[in-house]
Amino acid sequence: MSTLRGDSEDGLRIPAGGGGGRRGDAGGTVAGLPRWDRCAVMGVVNVTPDSFSDGGRWFDTTAAVKHGIDLVAQGADLVDVGGESTRPGAARVDEDEELRRVVPVVHGLAAEGVTVSVDTMRARVAQEALAAGAVLVNDVSGGLADPGMVPAVAAAQAPFVVMHWRGFLTDIHARPVYEDVVSEVVDELHARVEAAVAGGIAPERIVVDPGLGFSKNAEHDLALLARLDRLRTLGRPVLVAASRKRFLGRVLAGPQGSPPPARERDAATAAVSALAAHQGAWAVRVHEVRATADAVRVAQAVTDAATPRHGGNSGADDGAGPDASGEAGTQ
Ligand code: PMM
């Protein structure tokens, strides 16, 4: 079945395994994007009145651009700009309205030198965002919602995030029913990657994403997070977008409790960022950047510690002295 998965001849294969990437190869590289030597941090700017976790806050163009710049100052490597909420039950936004929301923000951020991704299911929005300076198209439908998307991304030679998606939640086929969620998500993603490649998108420009919370319950999300190694067998870098999602509310609430609101799930999100980075994720998509920026750095340091440098540890910090800031450790 696989022409991509595990293919070592095209140089795309990323070693699977729970221990994350090698030194300098964190979660793989994506042609057309900067290379980061650890899991990258994608900050979210939702230019929407109604997004699930931050709707309404950055609805104004100036505020949205400022927020994106702030996210970069806090440690975001790239900023994902979206103009349509994917919240369960949200009505689709009109295409012209989506363009009005997204394009000026993409333009404003790109003009400031920010690496911008556009979160859209529409080919025309992707095209206009790319023309305004976006360098990555993030499509939660993996190319399914708009038949023009794959040809548009292929023509622009842009990198493309293919997320696992079973359809709009009103669609009966989008139900969260799986016998083996990990295998089914991997197989369905594989089909989408093959379709994108058949449509002219170069494999080395493709990123895959398990689509946490999309046609999935908390158990499914956790099973996928536990087995990012299986997603990595697709041979493409993996993006993980767990930020503030329902499954975190469920975990924090426990079996009987009521979930904390979305904005109180940022510490839990940072914990997922560390786990994802340690399993070799290429990037994590988050609303609150600062804690995740620390989390991915710690995860990379642990990964690096598992693959000692040549030449032993002479001169290495023994952990007992003051750190570079001059402060003694507390432990
Ligand atoms: N989730 C949301 C929006 N965009 N993009 C990708 N690639 N993966 C996701 O899981 C994803 C996404 C919904 O979250 P938000 O409305 O809180 O930003």
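Of the 331 residues in the chain, 47% count as buried (20 or more other C-beta atoms within 10 Å of the residue's own, with C-beta atoms placed from the backbone). The model is predicted; local features need pLDDT of at least 70, side-chain atom pairs count only at pLDDT 80 or more, and totals for chains, interfaces and linings use all residues. Residues are numbered from 1 along each chain as its sequence is written.

The chain holds ten helices and eight strands. These are DSSP runs numbered from the N terminus, with helices (H or I) of at least four residues and strands (E) of at least two. Among contacts with a separation of 6 or more, 68% join residues 24 or more positions apart. A contact requires C-beta atoms, placed from the backbone, within 7 Å.

Strand β1 spans residues 40–46. Seven of its seven residues are buried, so β1 is largely enclosed by the rest of the structure. A40, M42, V44 and N46 point one way from the strand. V41, G43 and V45 point the other way. β1 pairs with strand β2 (residues 78–82) in the parallel sense, over five bridges. Pairing requires at least two DSSP bridges between the strands. β1 also pairs in the parallel sense with strand β8 (residues 283–286), over four bridges. M42 stands opposite L78 in β2, and its bridge partner in β8 is R285.

Two packed helices are described by the angle between their axes and the distance between the axes. Axes are lines fitted to C-alpha atoms, for helices over the stretch in contact, and angles run from 0 to 180 degrees between N-to-C directions. Helix α9 (residues 266–278) packs against helix α10 (residues 289–305) at about 30 degrees, with the axes 8 Å apart. The two are therefore roughly parallel (angles under 35 degrees). Residues making this contact include A270, S273 and A274 of α9 and A295, V298 and V302 of α10. By class, the contact has ten nonpolar, six polar and one charged. Nonpolar covers Ala, Val, Leu, Ile, Met, Phe, Trp, Tyr, Cys and Pro; charged covers Asp, Glu, Lys and Arg; the others, Gly among them, are polar.

Helix α6 (residues 218–226) and helix α8 (residues 246–253) cross at roughly 100 degrees, and their axes come within 9 Å. That makes α6 roughly perpendicular to α8 (65 to 115 degrees). A218, D221 and L222 of α6 meet R246, F247, R250 and V251 of α8. Four nonpolar, no polar and three charged residues make up this contact.

Notes
A residue is buried if 20 or more other C-beta atoms lie within 10 Å of its own, exposed if 12 or fewer, and partly exposed in between; C-beta atoms are placed from the backbone. Two residues are in contact if their C-beta atoms, placed from the backbone, lie within 7 Å. Angles under 35 degrees count as roughly parallel, over 145 as roughly antiparallel, 65 to 115 as roughly perpendicular and the rest as oblique.
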